[in-house]
Amino acid sequence: MKAKNLVILVIAAAVLAGLAVIQTRQKDKQKNPQRVKILADLPVNDVAKMVFYSSETTVTVAKAEGAWIVENRFNYPANFDKVADLLRELADIKPGQSVPAKDEQLGELKLESPLDAQPPADGEEKTGAGDKIGHLVVLLGADGKEIGSLLVGKEYVPKVKRGSETRGWDSYGSKGRYVRAQNGNVALIAESLADATIEKATDWLDSEFINVGKWDITALSVTGGTNREPITLTRESESRPLAFATLPKDKEMNATEVGTLSGALSYLKFADVADPALPDAKTGLDNPVVYAAKTKDGRTFTVTIGGQAPEDGGKYYARVAVAYEAPEIKIEDEPEPAEEQKEEKPEKELTEEELAAKKQTEEAEAKKKEDERKKKIEEEKEKQEKLAKETRTLNEKLSKWVYLLEEYKVKNMLLERKDLLKDKEDEKDKDEDEDEDEAPRPKQKKAEQAAEDAEDEEAHQGHAHAAAADRPVEEQEKAADQPEDAAVDKADEDKPAEPPADKAPEPKAKPAGTEAAPAKPKAEPKAESKAEPKAEPTPDPEPDTEDEPEAEAEAQ
């Protein structure tokens, strides 16, 4: 076989193999439509406009000069992340399940197009047709031609059987949506496409605004308005609260209200943007209240507050500006680690070589410190330049707009000077005096008190010993079991004046009447010790322990 014929056969075989692969894929797609993307080959980067239609509103988000804007809100910047996420989601959705639905069944899945819905005539009441109408997303290119569209319908909630009851159960299973493609096919997808159902233009606005913590503020002022005393608060140090420079004698700072005023910029968000064409006389910005807060990094946030907009639920008109003034760079020398002090020779004892080496070492250390200092200064300058650039960008974005702020947020900025003061508490001095009265005694008074307590204890023990010595023998035997009397007896052993225990006389036998008497409780001998004992000889208070069994036997 010639080489030419062999090449032809190889080429023919390759073509046939390619055709076979294409036909196989087409058949596979027909058998498995779930593998085909609903918006196949969507050129995401070519999309220049998205129009969202619903039964109530139409929202248009478009690209202008390289940035996404919301046309319905005076071309205010749109939330780029939200736009990008939705475009990627639309490009990747695949049908999870094909749903055969006739035209009359589309309303049940909320897949009727809002473009086909007829608005009610004048004087005609609205019907429930809005419950059958879905959200239509239309994607357009820069030339205004349609690139793709999708009708987003009812949300799918899996049915879960609970006993005899079957109901939608949000906690189990994955949610999805019914969608209708351009070709009319209905499918159930796993994606929620929540952003495709947004009906408010404000939900597409870039929400970046202001967020300043109260402890980041070093100075705050509230000026302007009608019949308002100006407010100027400063902070002595980072750890001290904001306060007036001077206070009336009978007043002090109301820390709660100061915290409310200084925290007004924390996570501040706007509710909407107003028409930039509105005159200041209409918005109340011709006689504003100016709230200005300076932060420790050198930025100043200024909120110019106008009047309220009754048609917008009492929201306030406001302008926002951000400025930056680089603070002075201060580099503090770090403390050197403690090292053992080495004894050095006096300079007069050093040789010329040693003096030169010492001078060279000191110069090297000084140069190293200076280089480190210069490096830190350069780093701080770079940080300041970066912050200045970010501040300019933010100011250019915010300062040209008139915003609508929620009433409860603005009320925190409109506190008056009298709200930040309160009467001094008269009870404070009284409480301090009480604390001083209850304070611990000085050391010398404690020592005197301890000596007095010791004398009282000795006197008490002496009385207890005398009372025990005067008691009859039978009471002494009963009292021997008492802890208090035992302690007294032990104390008596240490006294040198007492006679030895082995010379104590034998205790007398108990009277006959005493044997028949019932045993008394241990607490009773103490009570009897108070009475005068009978006049009869009494033994020493502490008989020998060896004689106790004999005394007991004799008594028995």
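1. Helices (H or I, at least four residues) and strands (E, at least two) are DSSP runs, numbered from the N terminus. The protein chain has 13 helices and 20 strands.

2. This is a predicted model, in which local features need pLDDT of at least 70, side-chain atom pairs count only at pLDDT 80 or more, and totals for chains, interfaces and linings use all residues. Residues are numbered from 1 along each chain as its sequence is written, and side-chain values use heavy atoms, with hydrogens and water left out.

3. Of the 556 residues in the protein chain, 29% are buried (under 20% relative accessible area, 1.4 Å probe, protein chains only).

4. Nine strands form an open sheet with antiparallel pairing, in the order β4-β3-β2-β1-β6-β7-β10-β11-β5. The edges are β4 (76–77) and β5 (97–98); each has a single partner strand, so one side of each is left without a neighbour in the sheet. Two strands count as paired if DSSP finds at least two bridges between them.

5. Ser98 has Ala187 of β11 as its bridge partner.

6. Strands β1 and β2 run antiparallel, with 5 bridges, and a hairpin of 4 residues connects them. Tyr53 is bridged to Thr58 in β2.

7. Between β2 and β3 there are 4 bridges, again antiparallel, and Val61 faces Val70 of β3. Their hairpin has 2 residues between the strands, and Glu65 takes a positive phi near 55° there.

Definitions and conventions:
Buried < 20%, exposed > 50% of the residue type's maximum accessible area, 1.4 Å probe, protein only.
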